[in-house]
Amino acid sequence: MSGRGRNRRGFLAAAGGVLGAAGLAPVLRAAEFKPEAPDWTKNLGPGVDAAPYGKPSPHEKHVIRRSVEWLTATPQSSVNFTPLHELDGIVTPNGLCFERHHAGVPDIPPAEHKLLVHGLVERPLKFSMAELRRFPPTSVFHFLECAANGGMEWRGAQLNGVQYTHGMLHCVQYTGVPLRLVLEAAGLKGQAKWLLLEGADAAAMTRSLPLAKALDDCLLAYSMNGERLRSEQGYPLRLVVPGWEGNIWVKWLRRIELGDQPWQTREETAKYTDLMPDGRARRFTWLQEVKSVITDPAPEARLAGKGFRCIKGLAWSGEGRIARVDVSRDGGRNWTTARLEPPVLPKCLTRFYLDWQWSGEEVLLQSRAIDEKGFVQPSPAVLQKTRGVNPIYHNNGIQTWAVNRDGTVENVRLG
Ligand code: MTE
Ligand code: CO
């Protein structure tokens with residue numbers, strides 16, 4: 001027998017062992033082997049152009065972005081959340097990407113949108129969308145996480161759902177122009193060290209970005225997952241800042257000014273700074289540090305009964321690739337290394353799995369990610385010890401899901 005054949009039999013035997021004698025589906029008796037002819041097999045369905053732009057199956061109506069009513073005063077300055085427990089793989093469908101905006105979604109005709117590049121440059125330039133699209137494009141997969149993801153959980157368990165605890169997160173393939181090419185076209189002056197980025201929305205949101213990051217891997221994106229950006233994600237142009245907090249990914253981008261120092265805008269002074277126990281605030285904490293969460297089981301994805309369950313989760317790091325994810329079933333005392341599913345890309349969501357037999361006992365499920373630079377996702381206790389209880393932003397603490405004997409799952413905080 002060839003080596004390959006042996007491996008295959010080995011795999012099948014192992015799979016049988018993991019899944020157990022009960023298996024995953026009922027074993028049929030001979031009398032039940034009848035071919036089925038339900039209505040949808042007997043009748044023709046609608047024709048090809050019934051839906052020229054497709055929608056999800058009508059049976060998937062529950063798979064939606066959701067909001068937390070008490071969180072914000074107006075829907076214009078608000079957020080909704082990605083249903084992470086319903087998604088497979090690493091790509092977020094465009095219609096399910098969480099939205100965060102400070103002053104509503106502008107409706108911008110692409111023919112009227114311009115990007116101004118000025119300040120410390122040799123040649124101030126104003127690009128139309130058509131001109132930007134003439135640059136050689138590039139396509140990259142990256143996660144975007146709001147700095148406030150998990151902000152409600154700093155002081156303890158708050159919201160009973162992975163959609164709410166971790167859903168200010170999405171991951172798509174962006175297509176656009178490397179920001180470096182546009183800056184080179186304008187010609188940088190020697191003193192240029194910082195960029196001001198400004199959005200065209202009613203907030204005219206502004207952030208300062210260090211030049212080194214702009215030249216490294218930032219992208220002026222006009223497409224996501226193969227089609228033009230959705231209005232709520234910044235149509236017709238947004239900045240992609242891989243691995244950095246969502247706030248600096250300015251949407252509806254209309255102006256880039258080059259300067260020799262940061263502008264100290266509202267979004268980097270009054271907001272998006274982290275208040276420390278000594279009363280001082282950390283500023284310019286752009287990086288989204290190593291983090292993970294189990295998306296199934298989760299409060300919205302309970303266990304139906306004892307037996308086999310594949311634990312599924314997501315891990316990500318603004319530093320680069322995910323190196324390893326460990327899963328604990330006893331609240332962090334013992335850890336088992338999970339399986340990472342390719343592709344494992346830098347600054348991108350990574351999918352992990354762990355096969356598991358649940359015997360009906362109470363379990364405290366956790367995941368802990370480690371990135372390629374060796375950073376380890378901390379426990380909430382360690383985070384609180386160093387940063388206190390005041391920061392809203394940059395909560396990358398380990399999440400605990402308590403599995404009860406009846407199979408329900410709850411958000412809990414240990415110790
Ligand atoms: N850009 C502009 N112009 N206006 C905004 O309100 N919100 C920021 C950022 N870019 C915002 C913006 C914040 S706080 C986040 S987390 C991300 O956009 C959210 O991106 P998304 O709506 O595509 O999820
Ligand atoms: Co944000």
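Predicted model: local features only at pLDDT ≥ 70, side-chain atom pairs only at ≥ 80, totals over all residues.
Reader: Which residues come nearest to ligand 1?

Author: A residue counts as near when one of its heavy atoms lies within 4 Å of the ligand. There are 21 residues around ligand 1. Those that come nearest are F98, H102, D201, R238 and K251.

Reader: How far is a polar side-chain atom of K251 from an oxygen atom of ligand 1?

Author: Polar contacts are pairs of N or O atoms within 3.5 Å. The side chain of H102 has an N or O atom 2.6 Å from an oxygen atom of ligand 1. For D201, a polar side-chain atom lies 2.7 Å from a nitrogen atom of the ligand. For K251, the distance from a polar side-chain atom to an oxygen atom of ligand 1 is 2.5 Å.

Reader: How much space lies in the largest cavity?

Author: The count of cavities of 30 Å³ or more comes to four. The largest cavity is lined by 21 residues, and R100, R238, G246, W249 and K251 are the closest to its centre. Its lining divides into eight nonpolar, seven polar and six charged residues. The space in the largest cavity is about 220 Å³.

Reader: Which elements give two or more residues to the lining of the second largest cavity?

Author: The second largest cavity holds about 160 Å³ of space. Its lining has 18 residues, with E153, N395, I398, Q399 and R413 nearest its centre. The elements that contribute two or more residues to this lining are α4 (162-166), α7 (380-387) and β23 (409-412).

Reader: How many residues lining the second largest cavity are polar?

Author: The lining of the second largest cavity includes six nonpolar residues and three charged ones. Its polar residues number nine.

Reader: Which residues are closest to the centre of the largest pocket?

Author: About 570 Å³ of space lies in the largest pocket. By class, its lining has 14 nonpolar, six polar and five charged residues. Of the 25 residues in that lining, those closest to the centre are R100, A148, K271, I392 and Y393.

Reader: How much space lies in the second largest pocket?

Author: The second largest pocket is lined by 16 residues, and K55, P56, V63, G95 and L96 are the closest to its centre. This lining comprises six nonpolar, four polar and six charged residues. The space in the second largest pocket is about 370 Å³.

Reader: Where is the place of P343?

Author: P342 and P343 are joined by a cis peptide bond, and omega is about 0°. The place of P343 is the loop between β19 (339-341) and β20 (350-358).

Reader: What is the value of phi of N225?

Author: N225 is found in the loop between β9 (219-224) and β10 (227-228). N225 is a residue other than glycine, and its phi is positive. The value of phi is near 50°.

Key: Residues numbered from 1 in each chain as written. Chains lettered and ligands numbered in written order. Heavy atoms only, no water. Polar contact = N/O pair within 3.5 Å; in protein donor to acceptor, adjacent residues only side chain to side chain. 1 Å grid on protein atoms, 1.4 Å probe; cavity = no way out; pocket = protein on both sides within 12 Å on 5 of 7 lines; lining within 4 Å. Points joined across faces, edges and corners; volume = space filled by probe spheres on them. Nonpolar A, V, L, I, M, F, W, Y, C, P; charged D, E, K, R; others polar. Helix = DSSP H or I, 4+ residues; strand = E, 2+ residues; numbered from the N terminus.
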